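Please open the model in your viewer and keep the selection tool at hand. The tour begins at a single side chain and then steps back to the whole chain.

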Amino acid sequence: MANKNNQAFKPIVDVLSDVLYKDKSGRLRSSLNLNQLLPENPGSYYWYTGSLTTPMCTEDVAWFVLQTKQTIGQNQLNSFLKVYSVEKADRSSDCLLAPNNRPQQNLNGRVIYASP
């Protein structure tokens with residue numbers, strides 16, 4: 001993460017306050033260029049077969065991870081951290097979308113491939 005905001009993500013961040021709760025929607029206030037959300041070389045990636053990161057941790061999920069990351073600013077990240085996975089009436093700190101990961105798992109014989 002960088003201290004500088006990523007302008008490509010601005011159209012999304014600008015509407016997050018409209019969609020803080022489950023089943024809410026909003027309309028972008030400015031145009032969004034999806035290609036600008038990707039790093040310069042999105043054809044370079046790693047992939048492996050793993051599982052979902054949340055219960056039931058279903059296996060046989062194909063994961064594709066870009067080799068180059070995009071960064072966002074701290075203020076942008078803070079906007080994402082205010083989003084809930086439930087309706088407003090059911091909100092609690094346990095229902096925030098973050099943290100939304102489980103600890104790193106052992107490879108357990110899993111092979112990680114790199115794009116050509």
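Which backbone oxygen lies 3.1 Å from a polar atom of the side chain of Ser115? Select Ser115 together with Gly43, and you will find that this oxygen belongs to Gly43. Before going further, note that this is a predicted model, in which local features need pLDDT of at least 70 and side-chain atom pairs count only at pLDDT 80 or more, while totals for chains, interfaces and linings use all residues. Residues are numbered from 1 along each chain as its sequence is written, and side-chain values use heavy atoms, with hydrogens and water left out.

Ser115 counts as buried because its relative accessibility is 12%, the term buried meaning under 20% relative accessible area with a 1.4 Å probe, protein chains only.

Now select the whole protein chain, which has two helices and three strands, arranged along the sequence as α-β-β-α-β.

Finally, zoom out: the C-alpha trace spans about 45 × 35 × 25 Å along its principal axes, and of the 116 residues in the protein chain, 18% count as buried.

How values were computed: Buried means under 20% relative accessible area, exposed over 50%, partly exposed in between (1.4 Å probe, protein chains only). A polar contact is a pair of N or O atoms within 3.5 Å; within protein, one must be able to donate a hydrogen and the other to accept it, and residues adjacent in sequence count only if both atoms are side-chain atoms. Helices (H or I, at least four residues) and strands (E, at least two) are DSSP runs, numbered from the N terminus.
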